[in-house]
Amino acid sequence: MASMWKEFSKGLWNEIPPFRLVLGLCPTLAVTKSADNGLGMGLAVIFVLVLSNAFISAVRKIIPKKVRIVCFIAISATLVVAVELLMQAFAYPLYQQLGIFVPLIVVNCIILGRAEAFAAKNPVHLSIADGLGIGVGYTLALTLVGALREMLGTGMLFGKYIMWESFQPFKIMVEAPGAFLALGSLLGLMNCITIIQARKRGDELPVNLTSGCGGACCNPEK
């Protein structure tokens, strides 16, 4: 149980995509004009990621190494078709908004990356925990980026107006540049939190956070 929790929890912070693994950036930037879109895409990825991890782990010993990538894609493609049919049946407006990015889940770097790096080398129960953790973390990231863009760009959240009456929306946030602004801001905030936590524990800063300002920008004493 402890090992399953470890594999699940790592996807919620230490390996949360797209902030830590830097994977799945295309959907993150393209479909997060609203929190609804981010949540919908994230749930679709969870479905595909958990089941593909489980299936790949179950058959990992009988898949020839030379054709493993083809097999991984075939399994994920089958699951993506199932997701498309379910979305067309029960969430067609969302399916239309997400557009081409639903079928492109087949070649999402997160799906193939977890299949190659984890599911193909570990038992089913750990692979399910890994897929669920990474999927939930990805969903949280997409929803957070979408919520930030929707609030600042339209004054709304999940389709309901939440800002004050005189609020002037920043229209750029629901345009293409807004995706980079939201992603960069949240990534910077996560890096600051990581630096502060590391200093409190007396740990060395991660290598990727010691460049630039060297973490001084997150130091309240400087």
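**Note on the predicted model: salt bridges, helices and loops**

1. The side chains of Asp-130 and Arg-114 form a salt bridge, with 2.7 Å from N to O. This pair links distant parts of the chain: Asp-130 sits in helix α7, Arg-114 in helix α6, and they are 16 residues apart. Keep in mind that the model is predicted. The distances in this note are therefore computed from a predicted model.

2. Are these two partners buried or exposed? Asp-130 has a relative accessible area of 0%, so it is buried. Arg-114 is buried too, with a relative accessible area of 9%. The cut-off for buried is under 20% relative accessible area.

3. Asp-130 has another partner. Lys-10 forms a salt bridge with Asp-130, and the closest N and O atoms are 3.0 Å apart. Lys-10 lies in the loop between α1 and α2, while Asp-130 lies in helix α7 (residues 124-154), so the pair ties together parts that are 120 residues apart in sequence. The side chains of Lys-10 and Asp-130 also count as making a polar contact, at 3.0 Å.

4. Look at the surroundings of Lys-10. Its relative accessibility is 13%, so Lys-10 counts as buried. Which residues does Lys-10 touch, not counting residues up to four places away in sequence? They are Glu-15, Ile-16, Arg-114, Phe-118 and Asp-130. Note that Arg-114 and Asp-130 are on that list, and that Asp-130 and Arg-114 meet in a salt bridge.

5. Now put the charged residues together. Salt bridges that share partners join Glu-7, Lys-10, Glu-15, Arg-114 and Asp-130 into one network. The count for the model comes to 5 salt bridges.

6. Arg-68 pairs with Glu-116, and the closest N and O atoms are 3.0 Å apart. This pair links distant parts of the chain: Arg-68 is in helix α4, Glu-116 is in helix α6 (residues 109-119), and they are 48 residues apart. Arg-68 has a relative accessible area of 32%, so it is partly exposed. Glu-116 is partly exposed as well, at 26%. Compare Asp-130, which is buried at 0%.

7. Of its 24 residues, 17 are buried, so α3 is largely enclosed by the rest of the structure. Ser-57 lies in this helix. Ser-57 has 0% relative accessibility, so it counts as buried. Leaving out residues up to four places away in sequence, Ser-57 touches Ala-119, Asn-122, Pro-123, Val-124 and Ser-127.

8. Ala-82 shows how sequence and space can part ways. This residue lies in helix α4 (residues 68-90). Ala-82 and Phe-47 are 35 residues apart in sequence, yet 9.6 Å apart in space, C-alpha to C-alpha. Ala-82 counts as partly exposed, because its relative accessibility is 28%.

9. The loop between α1 (2-9) and α2 (25-30) holds Pro-18. Where is the cis peptide bond? It runs from Pro-17 to Pro-18, with omega near 0°. Val-22 is found in the loop between α1 and α2 as well. Val-22 has a positive phi of about 50°, although it is not a glycine. At 52% relative accessibility, Val-22 counts as exposed. Lys-10, in the loop between α1 and α2, is buried instead, at 13%.

10. Finish with Phe-158. It lies in the loop between β1 (156-157) and β2 (160-161). Phe-158 has a positive phi of about 55° although it is not a glycine. Its relative accessible area is 39%, so Phe-158 is partly exposed. Together with Leu-39 and Leu-43, Phe-158 forms a nonpolar patch on the surface, with about 250 Å² of accessible area in total.

Terms used: Residues numbered from 1 in each chain as written. Predicted model: local features only at pLDDT ≥ 70, side-chain atom pairs only at ≥ 80, totals over all residues. Heavy atoms only, no water. Buried < 20%, exposed > 50% of the residue type's maximum accessible area, 1.4 Å probe, protein only. Helix = DSSP H or I, 4+ residues; strand = E, 2+ residues; numbered from the N terminus. Patch = residues over 30% accessible without salt bridge, like charges linked within 9 Å, V, L, I, M, F, W, Y side chains within 5 Å. Areas by Shrake-Rupley, 256 points an atom, 1.4 Å probe, with all protein chains shown as cover. Salt bridge = Lys/Arg side-chain N within 4 Å of Asp/Glu carboxyl O. Polar contact = N/O pair within 3.5 Å; in protein donor to acceptor, adjacent residues only side chain to side chain. Contact = heavy atoms within 4.5 Å.
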